[in-house]
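Let's take a walk through this structure together, from its surface to its strands and on to its charged pairs. Keep the viewer open as you read.

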Amino acid sequence: FKVKIIINLWCVKSKRPKEPGENKIKPVNKKVKPRTPKMKERESVDSSLKSQSILTQVMDKGNFQKLAATLSLAAGQSIELRCKGSNVTWKYPSYLDTFKDSRLSVKQLDRYSQLILANSTAADTGEYSCWLQLCNGNKCRKDETKTGSTYIFFTDKEELFVPTPSYFEIVYLNPDKPAVIPCRVTTPSAKVTLHREFPAEEIETDGTDIIYDAKKGFVFQHPTSDHKGIVYCKAESQGAPQISIKYHLLYVEVPKGPPSATIAVSSSRARFSDRVRVVCSVLGEPDVDVNFKWQYPGQESRRPVITQNFWRLINRGIGHTTRISKSVLLVEDFEDIDAGNYVCIAQNLQGETTVATKVELK
């Protein structure tokens with residue numbers, strides 16, 4: 001009788017209706033697939049790997065510190081940076097290479113590259129970055145996932161502006177790209193203003209069309225001919241204000257593209273022993289270099305000619321400035337072998353233009 005009651009109770013209990021959301025118990029021996037992270041999670045992991053920095057600063061007692069986007073150090077201090085990797089390339093203020101400064105030492109070791117800058121000065125202020133090179137034979141490329149960068153301010157109350165080798169600089173104002181007046185400071189907290197020399201006035205920086213960036217200088221987002229003239233910067237930081245070098249702002253308005261070239265000859269018909277002069281001219285942007293190549297009748301016979309290249313800035317009115325580049329080919333003693341086509345090929349970063357003229361023998 002007792003057994004029968006227990007069995008009936010168990011049967012009643014087992015027939016309890018399942019609660020909403022209640023699942024059956026899974027067999028213990030069933031294999032469960034590992035959870036695959038969702039797309040957003042994978043993307044965040046990938047992006048964090050890309051932003052991983054391989055650049056560190058060596059501190060006292062052998063400690064290391066990951067570097068932030070900016071770092072401030074007092075001028076006179078020495079600094080040691082390390083970049084992980086067996087094939088590392090560095091970028092730092094270019095003047096350290098230009099003047100072959102002995103204070104700078106860069107060494108590649110087995111597992112990292114080391115950069116040491118001793119007795120720093122205000123002029124060392126700038127970006128210090130490194131990246132790993134991936135090489136296949138003689139061809140190398142930058143590994144975008146393994147880089148490091150920091151901007152270091154070497155503060156000096158006597159040098160609020162980063163020193164430059166010149167006392168005067170030209171800045172070209174191009175209507176289709178921002179222009180930078182590079183009066184960078186060594187103290188990021190310094191208050192910096194921009195001033196016109198004539199008429200003497202402060203130029204308002206509205207934070208939109210004209211902004212100030214301590215790592216770049218004043219940036220004109222949309223330059224116009226109204227901005228041309230001579231300007232300078234003034235900085236203040238817990239002391240007497242300091243003045244930067246002067247900058248001459250020249251407005252430029254020339255079409256972008258391959259060189260706009262023309263060719264002219266002193267005479268299209270020459271006699272024996274005449275002196276023939278062929279000139280190839282290009283009008284272009286003031287800061288764009290032009291390279292010239294010549295093809296001429298006596299070239300294969302190694303006929304001696306003289307070539308000379310030069311350029312100068314010219315003012316085309318209304319404050320517009322452009323650059324005229326010229327190449328001159330000179331035949332001192334004209335002979336029959338010199339008769340024929342003279343071809344000038346002018347090249348810039350946008351492409352090349354070919355122009356030609358013919359010289360005949362009288």
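Glutamate 204 is exposed, because its relative accessibility is 66% and the cut-off for exposed is over 50%. You can find glutamate 204 in the loop between β13 (201–203) and β14 (210–213). This is a predicted model, so please read every value here as computed from predicted coordinates.

Two strands, β10 (168–173) and β22 (306–315), each supply at least two residues of the nonpolar patch. Isoleucine 170 belongs to strand β10, and with a relative accessible area of 40% it is partly exposed. Leucine 134, in strand β8 (residues 126–136), is likewise partly exposed, at 32% relative accessibility. If you look from leucine 134 to serine 86, 48 residues apart along the chain, the C-alpha atoms are separated by 10.0 Å.

Now for the strands. Strands of a sheet pair through backbone hydrogen bonds, either parallel or antiparallel. Strand β16 (residues 229–236) pairs with strand β12 (residues 191–196) in the antiparallel sense, over six bridges. One place to look is lysine 191, whose bridge partner in β16 is glutamate 236. β16 also pairs with strand β17 (residues 242–251), again antiparallel and over six bridges. Here valine 231 stands opposite tyrosine 247 in β17. The hairpin of β16 and β17 has five residues between the strands, and in this hairpin glutamine 238 takes a positive phi near 55 degrees.

Elsewhere, four strands make an open sheet with mixed pairing, in the order β19-β25-β24-β21. Why is one side of β19 (269–270) and of β21 (291–295) left without a neighbour in the sheet? Both stand at the edges and each has a single partner strand. Within this sheet, strand β24 (residues 340–348) and strand β25 (residues 351–361) run antiparallel and are joined by nine bridges. Glycine 340, for instance, has valine 359 in β25 as its bridge partner.

Let's finish with the charged pairs. Side chains of opposite charge can pair when their charged atoms come close. How many salt bridges does a search of the whole structure find? The search finds nine. One of them joins arginine 103 to aspartate 124, with the closest N and O atoms 2.9 Å apart. This pair links distant parts of the chain, 21 residues apart: arginine 103 is in the loop between α3 (95–98) and β6 (104–108), and aspartate 124 in the loop between β7 (112–117) and β8. Are arginine 103 and aspartate 124 buried or exposed? Both are buried.

Another salt bridge brings together the side chains of arginine 275 and glutamate 332, at 3.3 Å from N to O. Arginine 275 sits in the loop between β19 and β20 (276–284), glutamate 332 in the loop between β23 (321–331) and β24, 57 residues apart. Arginine 275 is exposed, with a relative accessible area of 55%, whereas glutamate 332 is partly exposed, at 40%.

Finally, aspartate 338 forms a salt bridge with arginine 303, their closest N and O atoms being 2.8 Å apart. Both aspartate 338 and arginine 303 are buried. Salt bridges that share partners join Arg303, Glu335 and Asp338 into one network.

Key
Residues are numbered from 1 along each chain as its sequence is written. This is a predicted model: local features need pLDDT of at least 70, side-chain atom pairs count only at pLDDT 80 or more; totals for chains, interfaces and linings use all residues. Side-chain values use heavy atoms; hydrogens and water are left out. Buried means under 20% relative accessible area, exposed over 50%, partly exposed in between (1.4 Å probe, protein chains only). Two strands pair if DSSP finds at least two bridges between them. A salt bridge is a side-chain nitrogen of Lys or Arg within 4 Å of a carboxyl oxygen of Asp or Glu.
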